[in-house]
Amino acid sequence: QKYCAVNGSSVIFCLCRIHLKVESMKKMILRLLLLCPALAFAECAEHLFYIDKSDNANVLYYDAAVTDGKLDKKNPVKLYWIMSAEKNQTEGRTMLEKPQFGIKVKEMEAEKLYQINVRNKNLSNRNIYVGFDENGCAIATTTVDGKEAFLNRIFVQISPNSGILPDVQHLDIFGTDIHSGEKLTERVSAK
């Protein structure tokens with residue numbers, strides 16, 4: 001909705017309400033860069049975020065698939081394991097892992113912005129937005145503990161007596177508040 005008061009040819013007051021999450025995300029990134037100018041000169045992070053589990057030292061990385069400064073339209077995020085428990089070998093996901101740790105991708109209206117959802121049933125309702133900041137660095141943002149945040153890590157607590165299919169007890173989601181830089185954590189109970 002748009003509300004404007006006009007006096008002659010000049011606009012005295014104009015209040016515009018925009019409910020597009022995409023616009024909100026752009027403003028959020030811009031505010032962060034204005035509040036923390038040192039970030040404008042920071043190097044880009046190597047990974048968007050990662051998932052690690054309590055049952056072994058292996059880590060699943062989520063990286064931006066960037067070509068010529070743009071995210072790949074079909075597969076904007078690459079997923080792969082670093083098998084720390086097995087001499088740091090790189091591996092793809094198994095058929096059993098794809099339903100738990102795969103992603104569903106939706107291209108947003110804004111240029112260079114994608115919404116992803118990790119297919120894990122405990123995270124399926126949490127939107128993660130992948131795009132670029134003002135420096136051209138790929139970033140992942142979401143809500144952590146009710147606040148807009150850069151997503152850093154998701155820790156999966158597995159029940160010690162799980163069989164082939166892991167029995168998840170809870171997830172801990174770690175991020176950094178976009179506005180204040182505060183470290184955030186949220187625990188999500190298994191459903």
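Rings of Phe, Tyr and Trp (its six-membered ring) pair if their centres lie within 6.5 Å. The views below show a predicted model.

**View 1. An aromatic cluster of three tyrosines.** Tyr50, Tyr61 and Tyr80 together form one aromatic cluster. The count of aromatic pairs comes to three.

**View 2. The stacked pair of Phe49 and Tyr62.** A pair of aromatic rings is described by the distance of the centres and the angle of the planes. For Phe49 and Tyr62 the ring centres are 4.4 Å apart and the planes are at 15°, so the pair is stacked. Phe49 belongs to strand β3 and Tyr62 to strand β4 (residues 59–64), and the pair links distant parts of the chain, 13 residues apart. Phe49 is buried, at 1% relative accessibility. Tyr62 is buried too, with a relative accessible area of 0%.

**View 3. The disulfide of Cys44 and Cys137.** The sulfur atoms of Cys44 and Cys137 are 1.9 Å apart and form a disulfide; the count comes to one disulfide. Because the torsion about the S-S bond is about -75°, the disulfide is left-handed. Cys44 is partly exposed, with a relative accessible area of 44%, whereas Cys137 is buried, at 5%.

**View 4. Gly92 in its loop.** Gly92 lies in the loop between β8 (89–91) and α2 (98–101). Gly92 is partly exposed, with a relative accessible area of 46%. From Gly92 to Lys78 the separation is 14 residues in sequence and 9.7 Å in space, C-alpha to C-alpha.

Note on methods. Residues numbered from 1 in each chain as written. Predicted model: local features only at pLDDT ≥ 70, side-chain atom pairs only at ≥ 80, totals over all residues. Heavy atoms only, no water. Disulfide = S-S within 2.5 Å. Buried < 20%, exposed > 50% of the residue type's maximum accessible area, 1.4 Å probe, protein only. Helix = DSSP H or I, 4+ residues; strand = E, 2+ residues; numbered from the N terminus. Phe/Tyr/Trp six-rings, centres within 6.5 Å; stacked < 30°, edge-to-face > 60°.
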